[in-house]
Amino acid sequence: MNSISAQWADFDNDGFLDLFICCENQPNRLYHNNGDGTFADVAGEAGVDARGGGWKGVAWIDYDGDRYPDLFLNRLTGTARLYHNNRNGTFTDATEAAGIAGPESGFSCWAFDYDNDGRPDLFATSYNRTLADVVKGLIGEPHERHPNKLYRNLDGKTFRDVTKDVGLDMVFATMGSNYGDFDNDGFLDFYLGTGDPHISMLVPNRMFRNLGGKRFADITGSSGTGHLQKGHGVACGDWRRAGTTDLVIEMGGAVNGDRYHNILFANPGQGNNWLNVKLVGKRTNRSAIGARIKIVTAGNSPLTTYRWVSSGSSFGANPLEQAIGLGKADRIALLEVYWPTSGTTQTFRDLAINQFIEVTEFATDFGKRDFKPIAIPKE
C-alpha cells in the first residue's frame, strides 16, 4: 500500500492505541485497536481514507481540547487537510473552517505548542523546491516556491498562518524532521533533514532555535549540525541521560555514490535546567500518548511550558518520555498532568530541578529514576 508515515493515537479514547498510516498510491489506513490483540481498518467509515494518494505526513492534534485527537494530513500531490474528531468514531473535514490553507506539495509535519500558550500548533513543510530557491533562503532572499506553513492555534477552533511572522518562509527541501528543546530554555526548537533523490540537491540539514515563542532563528552553523548529506528520519532525545536533548539522523541518498552513515550529535548543554518526565497510563493508554504536561517554574519570572506526549514528527520518532527545559529556574512550582481517557488531572508542587521522574495515572506521588550520564567521547 506504499505506506510513507504513521502515527499512534487513541482516537476514540477507549484506552487502546490506534494507528493511522499515510499511503501514496492507495487509500489511507486507520487501524482501530479492538483491545484483544487485533486491529480493524476503519478509515473508510471514519471518513479519513482520503482517496487519491500522495499523502506524506500525519499529525494527531487535539486542537480544540475536547480530549479526542483530531487529524492533520500533509499531501505531496495536493493540499493539506484537517479532520475534526466527532467523538463517535467519525471525522469531519474542518480544513476550511479552521483556516487551514496549505501547504501545497506537503511532506513532513508535526503538532507542538511553539509559543507555550497551552494550545497545540501545527508546522507543515512544503516539498516544492529547487536548489536555487533553497540557496535564496540561506542568503536571505525571497523564494518562488509554495511556502511552508506554521499555523498558530488561536482559540481551539481556528488557526492563523504565522510562517512569515516567525521567520520560516524559506525553502528547505525537507524530508526528515523532528523537534526538541535543544537549549533547555522551555521553548521547542526543531531540526530538518533535507535533500531529494537527485545527487545535485546537496544542501545543509537545518536547525532552528525558538526565540521565546516569537521567532525562529537558523542556528545551523553555530550548532555544528549543518551536515551536507541527505537527511531522513530524525529523533531527538536525551540519549546520554545528561539532561540535554541529543539528535540522531538517518543519512544518505538513493544511489550508491550518495550513501552515508547515520549521524549522532551529542548536545553538550547550555547550562539551563530541566526535568525529564515519563508517564504511565492506567485507564489512559499505557504509553500515555495524548496526555498533556504543564510545568510552572518558581521565581520572579516564572515560565509556563506545555508538552503533549507523542513520538513527534511524521518523519522521525522521539522518545515518549518528555525532556522539558526549565531555563534558569531553580525550582518547579507546579507539575500538572492531564490524562485524556480518564479526564483526570494530577498536580504536584514544589519539585526539584534536574531529575528524571515517572508519573503513573491516579498515583498520589511520583517516582524517581536514576541514570548515570554517558560522557561525550573525545575526538
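The coordinates are a predicted model, in which local features need pLDDT of at least 70 and side-chain atom pairs count only at pLDDT 80 or more, while totals for chains, interfaces and linings use all residues. Residues are numbered from 1 along each chain as its sequence is written, and side-chain values use heavy atoms, with hydrogens and water left out.

**The largest nonpolar core**

Begin by selecting Val277, Leu279, Ile295, Leu335, Ile357 and Val359, which have the most contacts inside the largest nonpolar core, a group of 22 residues. A nonpolar core here is a set of buried Ala, Val, Leu, Ile, Met, Phe, Trp, Tyr and Cys residues joined through side-chain atoms within 4.5 Å. Among the elements that give two or more residues to this core are strand S20 (273–280), strand S21 (292–297) and strand S26 (355–360), and the largest share, four residues, comes from S24. Strands are DSSP runs of E with at least two residues, helices are runs of H or I with at least four, and both are numbered from the N terminus.

Now move to Ala124, in strand S10 (residues 121–126). Ala124 counts as buried because its relative accessibility is 1%; buried means under 20% relative accessible area, exposed over 50%, and partly exposed in between, with a 1.4 Å probe and protein chains only. Apart from neighbours within four places in sequence, Ala124 is in contact with residues including Phe72, Pro103, Cys109 and Lys149. Tyr151 lies 27 residues from Ala124 along the chain, and their C-alpha atoms are separated by 8.4 Å.

**The second largest pocket**

Select Phe182, Met207, Ser223, Asn267 and Gln270, which lie nearest the centre of the second largest pocket among its 19 lining residues. The pocket has a volume of about 320 Å³, and its lining has eight nonpolar, seven polar and four charged residues. Strand S15 (206–211), helix H3 (220–223) and strand S18 (246–251) each supply at least two lining residues, with S15 giving the largest share, three residues.

For these terms, a pocket is an open set of points on a 1 Å grid over the protein atoms alone, where a 1.4 Å probe fits, with protein on both sides within 12 Å along at least five of seven lines, and lining residues have an atom within 4 Å of a point. Grid points are joined across faces, edges and corners, and the volume is the space filled by probe spheres set on them. Ala, Val, Leu, Ile, Met, Phe, Trp, Tyr, Cys and Pro count as nonpolar, Asp, Glu, Lys and Arg as charged, and the others, Gly among them, as polar.

Finally, follow S15 to strand S16 (residues 215–218), with which S15 pairs in the antiparallel sense over four bridges; two strands pair if DSSP finds at least two bridges between them. The bridge partner of Phe208 in S16 is Asp218. Three residues separate the two strands of this hairpin, and Gly212 in the turn has a positive phi of about 65°.

Key. Contact means heavy atoms within 4.5 Å.
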